[in-house]
Structure formats: C-alpha cells, structure tokens
Amino acid sequence: MVGNDIFETKTGVLLVTSLSKQVAIEARKSALKMTFASKASHIGSSLSMIDILSVIATGVELSPNGKLGDELIISKGHAAAGAYAVLAHSGYIPLSLLDSYSMDGSTLGGHVTSTHVPVINLSTGSLGHGLPFSVGRALAKKRLGIQGHSFVILSDGECDEGSNWEAALLTSHLELENLSVVVDRNFLQSLKSTEETVRLEPLAEKWLAFNWDVATVDGHSHEELHKAIFRNSNKPRITIANTVKGYGVSFMENSVPWHYKSPSLEELVRALSEIGFSQ
Amino acid sequence: MRNAFIEELTLLAEEDDKIFLIVGDLGYGVIENFEKRFPNQFLNAGVAEQNMMGMAAGLASAGYKVYVYSIGNFPVFRCLEQIRNDICYERLDVSIVSIGAGLSYGTLGYSHHAIHDIGVMSALPGMTIYSPADPIETRRALRESASLQTPKYFRLGKSGEPEIFNKTLTEFPNWTELTNGNDLLVLTTGAITNEAIEAAAVLKNLGIEIAVVAIPVLKPLAFDRDLVRRFNNVLVLEEHSESGGLGNIISEKLALNGLKTNLVKLGLPDQVLDELGSQKYLRHHFKLDAVGIAEKVKQMLGN
C-alpha cells in the first residue's frame, strides 16, 4: 500500500488529494451525463460514493483482476455509473467507454462487472457479497505471504445483509489486517432513511464490538478520507464515511427519488453547473 | 463416501499446495487429519454458510482450488446466491461437497433431507455435478475432476456404502452396465444404486434380467443413446424428489433424442416429507429399496 507513504508529508497529501478531487469533479460530471444519456439510474448512490472511490483509486495502484495486490471490491454495485466514471478519470479504463454506459450491447452495465472492468474483482449487484469475497482474497494474500490491501466499499443500507456480519466476525477472528471497508454512510436506502427502515445506529459501536478498527470521517473531505482509509492498524479497518446521497447537486441531495431517476436535459444542465462549486 | 473423499483430497493436497479445504463447522472425525497435515490450506468457517461460500469464491479468485465441505442442504440452499453470483458468475474453481445425499440423515428430519439439490444445481451455468455410487467412484470423481477449473458439486453419501465398482473402472464418466440384462434398463445415480443391484438379483431368480447403470456425472450428462435405445422400458431410480431430479433430466434426453422408450420415474414424491427414520426405513417406506424397485419393474413388464 502506497497511500500511507504519500500521506507522510503535507505536500504529499495536498498533491494526492488535489488529484483525487480533480478526478471526483470530472467523475461527477461524467456520471451525470451517463445517466442522462442512458436513462439509467443510481445517480444518487454514485454521487455519494465518488469521493470515497476517487481517494482509493488515486491513492494506490489498483492491481488488475487476477493479480494479487492492492485491490478494489465494490460491493454496492448499483453505483456503477460513479464507479466507471472514477475508474475512467483515474486511468483504469478508457474514457471513451463511458459513452456506452447501460446502452444496448454495452460492456458497462448497471451493476459493476469483473468481466469487463479490469480492476473490479467481483461482479456485484446483489448486496452483501463484496465483503465475504474480500475475506477470501485477503486470507489468500495472508496465507501466501503476498503484500497488498483489499478495499471494500459497502453501502449503509447494505449493512442490513447478514452475510456482512458473518464476514465481520470472521475477518477479525482471522486478524486480516490487510482488509479495509469503507461504508458510504448516506443514511438513505431504497424507500426511506436507514434509521426509519432498519435502524443501524450505533453503527460504529457495532463494528467496534466485532473487534474492528473503526474511524468515522466526513465522506466528502478527501483529506479526512485519505487519512482514514490509508491508516495503519493491526486489525481490519472500517471507515464510516458520512456522506450525502446525491452530493454536489442541490436538488438531488438527500432525495430518495434520485436513487431511481435519471436527469432530464434541463436537470443535467443545472446539475453540471453546480458541480465543483460545493468543493 | 466421506472417508473416501477426504482420503483422496489428502492425496491431492500432497501434490498441490493450492488445494484449500473449508468446512462449515462440520466433519467431526473426518477432517482432523487434513487440518493437522495442511493447516495452511484449511479453515473452519464457522456456522455461516453465506460468508463461507463468498469467501471460497474469493480464495479461488486468488488462485486456490477450493473445496467446501458441509452436509445435506447447508452448502446448497443457505448460500445459493453466493454459488450463483460469486462462484458461477465469476467462473471459479470451487467444489461444493455435500455429505448426506438423499435420506442419509433420515432421522434428523426434513431440514436434513438432501432431496432437491440436483434440481437446484442443474440450473446453474457451468456447474458440473458429480453423484458417485460408491467410495471407489467417489475417489475417481475427485481425481478426474481435479484438473477442471470450474464450479463443481459433489453429491456424496454419508458412510458405510458398499463398494460396487471394481477398482478398474471403465472410462469415467462413461455409463457402465453393473448388471446384465435386456428386459429393462434401470438408470440411477448415487448410493441408492446398491438397491437396484439387489433388485436385479431378486428379479433374476424370477427370470427377469435387468441392466443397471449408475450415472456418475449428471451435468453435463454424457447420454448414452446407443445403450438406452436397446430397451423398451426405462426406470429412473433416484433418492431425490421426482421434481427436478434425474428422472426429469432423462425424460428430456429421451424426448430430444427422439426415443419412444417407456419411462417411469421412481423417486421421492414432490411434497414435504414428514416421515422420520433411518435411510433403510425411509427407502422402504417410499418403495425405493430393492423390494420396491423389483415390484415397480414387474409392474412395468406386466408381470
């Protein structure tokens, strides 16, 4: 993991976060255009996650699928537009591919796939799969003595899934200090807030009780994200990134409908004009 | 069969340090030696099948050849989405090993009756289904499949199954006629094959000669058209629900091959089974034992 080395100096962190911020701005614009063009969805979840993923994708060199090292598992696969946009703007997939998002015959669908994206290790789309899979990857690296960190992005609604808690138990039992989760904590799920649906709070305490190293940060502050995601620990780490669903576009923020909707042309123009100013 | 499985897996692990055995907190008295010999290639995942199967996929994607050992329905139904999405979608080298096929755990109740797994596993793309009839075929299936880097399911009996095959099998997984006869063909799979062989002996004394074939690989099925077309009557015997099992697979093959053979299915009824008892008792109850099979054959032949 190189992230922490870069963080060592103040200049270093400024350099790295200025890059990740730039990636995030461009990714937001792309994700909006992609969901407009395809009339496909999950723009709210994408905008929520983009800062987290930008920090990871620029903070380490993600190893290609099939190779063990620093690797990415996007368990909230429905934030595909945001994921593809970040990976394209940080150089992992061609920018030109983004135009095909959710189009007929495209390789970039509405949920991320390992088949077509070279640094996504698991095709997801059903929630609660990324963490157990990553436990296997991290355990393999530990048993084989191979360096590298597994970064897993979970949604907060996804924490309803029991498979995550099965994995949480075993991860700390196996002392997999090479595994880091980031929870995109935007407090909204499919129909209502997470707390109205199935209360998750106190979430940090739950993970603490499972013997994880827990940090809670502003999920849109690249400096805080960088410091937390790449921190050292001898335990599995979880960063609860407090985010805003639809972040960066005023009329999409904290809105359940934008989990499903795609912007009209007028909405796209308004949204694009707002991107970058809130950061 | 479970001992044959673990002994053969141990031999494979001696040759290959990428063999990894995960158990779902089961295998008392079976897996200890493997764990002791290959601690770095072993893990007890606890009582958590979803995580176990997802983790197996992760290990396989990292280059391991993973065997997941559990019993009955646990490694099939509890984690079916992990099998479909994590293992099959990613086309990974994970072998799911279920001990206690059919009514092996008969007294433990319906939760433990593994009688729908063929139907469920058959639906999954790229899944190879092994259903050996005895310990010898179990070893053979495990060894023959070791070079296959795709999802596999092993439907194994529990213990004490008699050896049916001699150690020099004909080419695996070709169909082998275990008894000689031209009056009727019994197609079967798994440990219940032994009941069919006993039925053949009983019938022979009555002047009825039947051929018994145990099918070791259910998917993909190497349908032996030439063998089947010799018969006017085929009885499909299975320790599985008649819904979604071998009977369905064979009836489809007959239809697609244009064979007008008379087909009768002899399996478990498509209903929740409340009956409890030993495997022997339940086989008798549902007329799947040698007596029941012989009766069904006589009925089919109009005797």
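Modeller: A residue is buried if 20 or more other C-beta atoms lie within 10 Å of its own. This is a predicted model, and of the 279 residues of chain A, 52% count as buried.

Colleague: What is chain A built from, and what box do its C-alpha atoms fill?

Modeller: Chain A has 10 helices and 5 strands. Along the principal axes, its C-alpha atoms fill a box of roughly 50 × 40 × 40 Å.

Colleague: How many of the contacts in chain A join residues at least 24 apart?

Modeller: Take contacts between residues at least 6 apart in sequence. In chain A, 75% of those join residues at least 24 apart.

Colleague: Now chain B. Why are α3(B) and α4(B) called roughly parallel?

Modeller: Two packed helices are described by the angle between their axes and the distance between the axes. Here α3(B) and α4(B) pack at an angle of about 10°. Their axes are 9 Å apart. Angles under 35 degrees count as roughly parallel. Therefore α3(B) and α4(B) are roughly parallel to each other.

Colleague: Which residues make that contact?

Modeller: From α3(B) come B:Gln50, B:Met53, B:Gly54 and B:Ala57. From α4(B) come B:Gln82, B:Ile83, B:Asp86 and B:Ile87. By class, the contact of α3(B) with α4(B) has 4 nonpolar, 3 polar and 1 charged.

Colleague: How many residues does each chain give to the contact between chain A and chain B, and which element of chain B gives the most?

Modeller: Chain B gives 22 residues and chain A gives 22 residues. On the side of chain B that touches chain A, α3 (49–61) and α4 (80–88) each supply at least two residues. The most comes from α3(B), with 9 residues. This side of chain B divides into 9 nonpolar, 10 polar and 3 charged residues.

Colleague: What are the domains of chain B, and how far apart do their C-alpha centres lie?

Modeller: Domain 1 of chain B is 2–156, and domain 2 is 176–300. Their C-alpha centres lie 26 Å apart. Their contact takes 24 residues from domain 1 and 28 residues from domain 2. On the side of domain 1 that touches domain 2, α5 (117–122), β5 (128–130) and α6 (135–145) of chain B give two or more residues. That side has 11 nonpolar, 11 polar and 2 charged residues.

Methods: Residues are numbered from 1 along each chain as its sequence is written. Chains are lettered from A and ligands numbered from 1 in the order in which they are written. This is a predicted model: local features need pLDDT of at least 70, side-chain atom pairs count only at pLDDT 80 or more; totals for chains, interfaces and linings use all residues. Two residues are in contact if their C-beta atoms, placed from the backbone, lie within 7 Å. Helices (H or I, at least four residues) and strands (E, at least two) are DSSP runs, numbered from the N terminus. Ala, Val, Leu, Ile, Met, Phe, Trp, Tyr, Cys and Pro count as nonpolar, Asp, Glu, Lys and Arg as charged, and the others, Gly among them, as polar. Axes are lines fitted to C-alpha atoms, for helices over the stretch in contact, and angles run from 0 to 180 degrees between N-to-C directions. Angles under 35 degrees count as roughly parallel, over 145 as roughly antiparallel, 65 to 115 as roughly perpendicular and the rest as oblique. Domain bounds come from an automatic or database domain assignment. A residue is buried if 20 or more other C-beta atoms lie within 10 Å of its own, exposed if 12 or fewer, and partly exposed in between; C-beta atoms are placed from the backbone.
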